[in-house]
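Dear colleague,

I am handing over the structure we spoke about, and below it you will find what came out of going through it. Please read the notes with the coordinates open beside them.

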Amino acid sequence: FKKLDDIEIEDGRDWQLTLKITLRNETNQDVLYWIIDQARFIGRPFFLVPFFEKQREIYLNKNVVLRYSDRTNTNLQNLIDVNTGALINIKYGEVWTCSDISFIESKDSYYLNCFYFLKNGDKEVKIDLESGLINDYFMLESEFIKQELEKKKKEEERQKEQEERKKQEQLERTKFRNDCVAKWGQKMGGYIADGKVILGMNKEMCIAAWGNPININRTIVRGLTSEQWVYGWGTYLY
């Protein structure tokens with residue numbers, strides 16, 4: 001209908017595309033045109049048969065689980081139980097079985113609408129196929145289990161790395177303390193190892209305890225030089 005090569009599409013503005021699909025009745029050869037203003041939304045009043053069949057192949061009689069634990073979607077809140085009319089909120093980790101994907105009549109639409117039917121025990125809800133919610137917010141239970149195992153593995157690796165890091169830091173602190181005590185004695189070495197400074201420490205000791213200052217301000221009065229070591233956060237050494 002509009003050649004893609006003739007349209008300048010800005011990033012994220014694929015809604016500009018318009019699609020024309022020609023439909024022919026093979027019985028009487030009648031022809032009609034199905035114009036889709038937003039080419040990415042292909043649905044009512046017609047569905048592409050391969051798309052419908054693909055959804056049944058992927059989800060029918062399969063278990064699905066919410067994909068996200070920290071995201072909410074208002075379209076997934078307050079779903080209505082098709083049998084009782086009760087409000088249903090699908091929770092992360094709940095396993096729902098796709099019992100059917102089929103077209104049903106609705107008093108709110110001129111067309112037959114296609115829905116996924118999800119069951120969890122006695123609860124059953126339907127989700128519009130056109131909404132894209134199943135593909136965007138659900139995954140097969142097999143993929144969910146795989147994802148959870150991967151998350152658990154990563155968490156175990158993270159904890160192991162954290163324990164190794166703490167162990168290494170402890171070894172480094174112990175070595176630093178031993179080196180400080182060996183060099184400056186038990187009292188001064190202990191203060192330095194604890195990151196403390198006291199009167200009587202020389203420059204080397206202060207640097208060992210607090211590190212190098214951000215800046216040093218020098219003042220000379222009557223031939224005597226005094227220094228202000230600036231450490232930030234209102235902390236100074238004189």
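**Findings**

Ile-35 has a relative accessibility of 40% and therefore counts as partly exposed, where buried means under 20% relative accessible area, exposed over 50%, and partly exposed in between (1.4 Å probe, protein chains only). This is a predicted model, in which local features need pLDDT of at least 70 and side-chain atom pairs count only at pLDDT 80 or more, while totals for chains, interfaces and linings use all residues. Residues are numbered from 1 along each chain as its sequence is written, and side-chain values use heavy atoms, with hydrogens and water left out.

Ile-35 belongs to strand 2 (residues 31-36), strands being DSSP runs of E with at least two residues and helices runs of H or I with at least four, numbered from the N terminus. The C-alpha atom of Ile-35 is separated by 7.4 Å from that of Thr-18, a residue 17 residues apart from Ile-35 along the chain.

In helix 1 (residues 49-59), the buried residues are Phe-52, Gln-55 and Tyr-59. Viewed down the axis of helix 1, these buried residues fall within an arc of 60°, so they line one face of the helix; the arc is that of the directions from the helix axis to the C-beta atoms. Val-49, Pro-50 and Glu-57 are exposed on the other side of helix 1.

Finally, Glu-157 lies in helix 3 (residues 141-193) and, because its relative accessible area is 40%, is partly exposed.
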